[in-house]
Amino acid sequence: MSTSDHPSNGESVPGIAQLPATKLVFHSGAHQQTYEHKTRIAHICPIEQLPEVDRSLFKVPSEANATLYAIVVESTIFHPQGGGQPSDVGKMAIDGAITFNVLTARTSATKPSIVMHFGHFTSDETSIEDVTGRTVDQFVDAEKRTLFSRLHTAGHVLGAATRTLLESRVENFDELKASHFPDSAACEFQGSIDGKYKPEIQTAVDESVAKDAEVRIGWWTKEDFRKRNLQRLLIPDEDWKAIAIAVDEIGEEMQGGADDEQTRIRVVDIVGAEVYPCGGTHVPTTKQCGKVTVKKISRSKGNSRMGRPSEL
């Protein structure tokens, strides 16, 4: 495969456009703490061949001294960066002899159903022809995955506790977004939350963690939201069409087509507390978040932000 004449901005790399969607193994509730997976390489190319919008997803390390590639596999255990959660990192091995270091995983900007694994081989002598179509063993860095899962679940715990306490007390209250990166973990809310509420929120968070509530992964139709009176969590129809898939309630693929009322999106249910549409990884129970400390509450333009590290 030539490494020259990469496609122009916005065009898909030859071959990727025809690939089926990457199966996201980590989406299964049974695989939240699975760190090894066997799959097959579906496509590989040097990052220089990617469209500019896809190349821009990967910030090349300043110390990089090896040829960098993007690998697409049939199914992946690597959570790509997104939804406020960092990318998993790790490696892929072929026959125990060829190793590919995965520096980051990202969803393709030109074909969002594809996950690209950016990184390099440990040997510069490895060629595309050596690995294309080969079976690989994926290994996710378990320590980092666990940390990211704890931080993500802790974000939902804080969001749920804050909603329960302040939804009727803070004007125009709503949950906005969250970051689950170790150095910038925080939740943002609509509405001006006074610092006087911080002790109450901390107490509610501590109680939620101590309850050791189950964190359950599920797949819901629109009707599932309606019958639970959670219409506020329904995403716009355009977004639903983009991400909803034909699966059953545990995420197993269903044969045949399905309309918008039959397709489902993934949810994370903190049993007894709150439900969130979410594609991230999580710990099995709230106690496994560890100590979640509510930091200073800052306010800007009618919104509020709470830092919330999860301590080891």
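Let's begin with a single side chain: Arg163 has a relative accessibility of 6% and so counts as buried (buried means under 20% relative accessible area, exposed over 50%, and partly exposed in between, with a 1.4 Å probe and protein chains only). The model is predicted, so local features need pLDDT of at least 70 and side-chain atom pairs count only at pLDDT 80 or more, while totals for chains, interfaces and linings use all residues. Residues are numbered from 1 along each chain as its sequence is written, and side-chain values use heavy atoms, with hydrogens and water left out.

**Salt bridges**

- The whole structure holds 19 salt bridges, where a salt bridge is a side-chain nitrogen of Lys or Arg within 4 Å of a carboxyl oxygen of Asp or Glu.
- Side chains of opposite charge can pair when their charged atoms come close.
- Arg163 pairs in this way with Glu167, and their closest N and O atoms are 2.8 Å apart.
- Glu167 is partly exposed, at 41% relative accessibility.
- Another salt bridge brings together Lys222 and Asp237, at 3.0 Å from N to O.
- This pair links distant parts of the chain, with Lys222 in helix α5 (residues 222-227) and Asp237 in helix α6 (residues 237-243), 15 residues apart; helices (H or I, at least four residues) and strands (E, at least two) are DSSP runs, numbered from the N terminus.
- Lys222 is buried at 7% relative accessible area, whereas Asp237 is partly exposed at 47%.
- Arg228 and Asp224 also meet through their side chains, with 3.7 Å from N to O.
- Here Asp224 is buried, with a relative accessible area of 10%, and Arg228 is partly exposed at 40%.
- Shared partners join the salt bridges of Arg163, Glu167, Asp174, Glu175, Arg232 and Glu274 into one network.

**Helix α4**

- Helix α4 (residues 198-210) has 13 residues and should span 18 Å at 1.5 Å a residue, which agrees with the 18 Å between its end C-alpha atoms; the expected span is 1.5 Å times one less than the number of residues.
- The buried residues of α4 are Ile201, Gln202, Ala204, Val205, Ser208 and Val209.
- Seen down the axis of α4, these buried residues fall within an arc of 165°, so they line one face of the helix; the arc is that of the directions from the helix axis to the C-beta atoms.
- An α-helix has 3.6 residues a turn, so residues three or four places apart point the same way.
- The buried residues of α4 pack against α3 (142-166), β14 (291-292), β15 (297-300) and β16 (303-307), with contact meaning heavy atoms within 4.5 Å.
- Just after α4 comes Asp212, which has a positive phi of about 55°.

**A three-stranded open sheet**

- Three strands make up an open sheet in the order β11-β12-β13, with antiparallel pairing; two strands pair if DSSP finds at least two bridges between them.
- At the edges stand β11 (215-220) and β13 (274-277), each with a single partner strand, so one side of each is left without a neighbour in the sheet.
- On average, neighbouring strands of this sheet are turned by 30° against each other, direction ignored.
- Six bridges connect β11 to strand β12 (residues 265-270), and among the facing residues are Ile217 and its bridge partner Val268 in β12.
- Helix α3 lies across β11, β12 and β13 and runs at about 125° to β13; axes are lines fitted to C-alpha atoms, for helices over the stretch in contact, and angles run from 0 to 180 degrees between N-to-C directions.

**Hairpins and their neighbours**

- Strands β5 (residues 90-94) and β6 (residues 98-107) pair antiparallel over five bridges, and Ile94 has Ile98 in β6 as its bridge partner.
- Three residues separate β5 and β6 in a hairpin, and Asp95 in the turn has a positive phi of about 55°.
- Strand β5 also runs antiparallel to strand β8 (residues 135-140), joined by four bridges, with Met92 opposite Gln138 in β8.
- A hairpin with two residues between its strands is formed by β15 and β16, and Lys301 in the turn has a positive phi of about 55°.
- Strand β16 is also joined by five bridges to strand β10 (residues 186-190), in antiparallel fashion.

**A buried loop residue**

- Gln85 sits in the loop between β4 (75-76) and β5, and is buried with a relative accessible area of 0%.
- Beyond its neighbours within four places in sequence, Gln85 has contacts including His79, Phe148, His152 and His180.
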